[in-house]
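This briefing is intended for a reader who has the sequence and the coordinates at hand. It is arranged by topic, and each point may be checked against the structure displayed here.

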Amino acid sequence: MLKKLVNFRIKYRIRLFFQKFKPLDYFKGTQLSENKKYAFIFLAADYGNLGDVAITYAQTKFLRENLRADFKVVEIPISQSLEGLHFVKQNIKPGDIVTSVGGGNLGDLYDQIEFIRQLAVSFFPKNRFISFPQTFDFGENKRGQEALKVAKEVYNKHPDLHFIAREKTSSALMKKHFSEANVMLTPDIVISLNKEHPKMTREGAVICMRSDKEKNLNTEQSNFILNSIKERFTQVTFYDTHIKRNKLSVKERELELNKIWDAFKGAELVVTDRLHGMIFCYITNTPCLVFQNNNHKVRETYDWIKENKNINLIDSFSESAIIDFLAQHNFDVGVISDLSHKYQPIKEVL
């Protein structure tokens with residue numbers, strides 16, 4: 001595994017080197033002004049994971065609303081990272097800000113994304129770099145610890161690096177390992193959105209469950225949940241937060257986000273074990289039954305929003321707890337809490 005990771009890094013650096021001699025095709029129409037300052041967003045999700053797409057959408061919106069009026073925001077899609085690194089290197093000025101997209105990719109699980117972030121940090125040592133709310137997810141095994149060692153060497157060299165954790169466990173681990181960085185704690189950036197309106201008539205249930213390496217429920221448990229939902233609701237639909245498409249335009253990304261948010265707003269209940277399945281329920285004020293994934297991020301993100309009656313987490317799988325919950329005639333639709341003050345640390349570092 002480690003050999004595979006090293007080979008990937010070498011291949012990527014070779015491609016990055018030769019990119020210097022190629023034209024900037026993707027960014028050729030991007031005109032930057034000498035009179036403006038810029039905030040660049042690396043790792044902008046243009047692939048089909050709608051959780052990551054929502055993070056990119058929310059981060060772009062947050063920067064535009066909270067930076068000074070003389071700043072403009074420029075997204076660097078993850079599919080254009082090689083060209084984007086050179087484009088920004090050629091155009092960046094003192095006082096410009098570099099950011100990377102938040103999420104759950106700080107670790108060895110998604111090593112290619114982690115490597116691109118490390119390259120971006122290394123490329124811009126003279127500019128403030130802000131990593132938006134992330135989960136620290138380096139494994140305790142040999143592979144994870146080797147990857148962490150490399151990450152520490154890169155991140156602890158940057159003189160103006162700011163890491164934002166989205167859960168307390170991640171915050172503690174970042175402070176321990178990235179000791180030279182400024183570490184802050186805020187909710188996932190998507191929680192800063194409010195997509196409750198326009199309201200829709202609610203009917204039936206939506207099931208939005210994982211089928212990947214972060215899944216925690218076994219087949220028997222998943223079948224029990226599915227059968228219980230089908231017994232309770234006559235209308236049951238399935239909606240995954242991954243749409244299996246890549247290189248989405250900004251317009252396509254927003255269209256897909258609005259489609260899933262509308263699907264949730266039209267449901268009496270959403271059942272999910274996806275972090276952003278839960279968060280989408282929160283921002284649309286949709287009743288939700290949540291199950292754990294295989295790490296701490298669902299449990300600790302729930303702590304930010306647990307006061308909202310519509311979000312219901314089952315800590316450990318229990319058939320009786322599921323039966324009791326579904327026995328309710330109506331599910332609570334609460335009032336979305338104003339958590340804008342929780343993002344003050346980011347506003348201050350901007």
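In this predicted model, Ala39 has Ile97 of strand β3 as its bridge partner. The pairing of β1 with β3 (residues 97-100) is parallel and comprises four bridges.

**Strand β1 and its partners**

- Strand β1 spans residues 37-44, and seven of its eight residues are buried.
- β1 also runs parallel to strand β2 (residues 71-77), to which seven bridges join it.
- Between β1 and β2 the chain passes through helix α2 (residues 50-66), forming a right-handed β-α-β crossover.

**Nonpolar cores**

- The largest nonpolar core contains 99 residues, and Phe42, Phe178, Val190 and Phe280 have the most contacts inside it.
- Leaving out residues up to four places away in sequence, Phe280 touches Leu50, Gly51, Ala54, Val190, Thr241, Leu257, Ile260, Trp261 and Phe264.
- Another core lies apart from the largest one; it has 18 residues, including Ala205, Met209, Leu269 and Phe325.

**Helix α9**

- Helix α9 (residues 275-284) is largely enclosed by the rest of the structure, because ten of its ten residues are buried.
- The buried residues of α9 are Leu275, His276, Gly277, Met278, Ile279, Phe280, Cys281, Tyr282, Ile283 and Thr284.
- The elements against which these residues pack are α2, α8, β10 (269-272), β11 (288-291), α10 (297-305) and β12 (311-314).
- Asn285 follows α9 and has a positive phi, near 55°.

**Helix α6**

- In helix α6 (residues 168-177), the buried residues are Ser170, Ser171, Met174 and His177.
- These four residues lie on the same side of α6 because they cover an arc of only 145° around the axis.
- An α-helix has 3.6 residues a turn, so residues three or four places apart point the same way.
- Lys168, Lys175 and Lys176 are exposed on the other side of α6.
- The cover over the buried residues of α6 includes β4 (103-107), β5 (128-137), α5 (142-155), β6 (161-165) and β7 (182-185).

**Lys265, a buried lysine**

- Lys265 belongs to helix α8 (residues 250-265).
- Its relative accessibility is 5%, so Lys265 counts as buried, the cut-off being under 20%.
- A polar atom of the Lys265 side chain lies 3.3 Å from the backbone oxygen of Pro198.
- Lys265 touches Lys195, Glu196, His197, Pro198, Met200, Thr201, Arg202, Thr284 and Thr286, with residues up to four places away in sequence not counted.

**Pro187, a buried loop residue**

- Pro187 is placed in the loop between β7 and β8 (205-208).
- With a relative accessibility of 0%, Pro187 counts as buried.
- Its contacts, neighbours within four places in sequence aside, are Pro133, Arg166, Trp304, Lys342 and Tyr343.
- Pro187 and Thr272 are 85 residues apart along the chain, and their C-alpha atoms are separated by 19 Å.

Technical notes
Residues are numbered from 1 along each chain as its sequence is written. This is a predicted model: local features need pLDDT of at least 70, side-chain atom pairs count only at pLDDT 80 or more; totals for chains, interfaces and linings use all residues. Side-chain values use heavy atoms; hydrogens and water are left out. Buried means under 20% relative accessible area, exposed over 50%, partly exposed in between (1.4 Å probe, protein chains only). Helices (H or I, at least four residues) and strands (E, at least two) are DSSP runs, numbered from the N terminus. The arc is that of the directions from the helix axis to the C-beta atoms. Contact means heavy atoms within 4.5 Å. Two strands pair if DSSP finds at least two bridges between them. A crossover is right-handed if, with the strands pointing away from the viewer, the path from the first strand over the helix to the second runs clockwise. A nonpolar core is a set of buried Ala, Val, Leu, Ile, Met, Phe, Trp, Tyr and Cys residues joined through side-chain atoms within 4.5 Å. A polar contact is a pair of N or O atoms within 3.5 Å; within protein, one must be able to donate a hydrogen and the other to accept it, and residues adjacent in sequence count only if both atoms are side-chain atoms.
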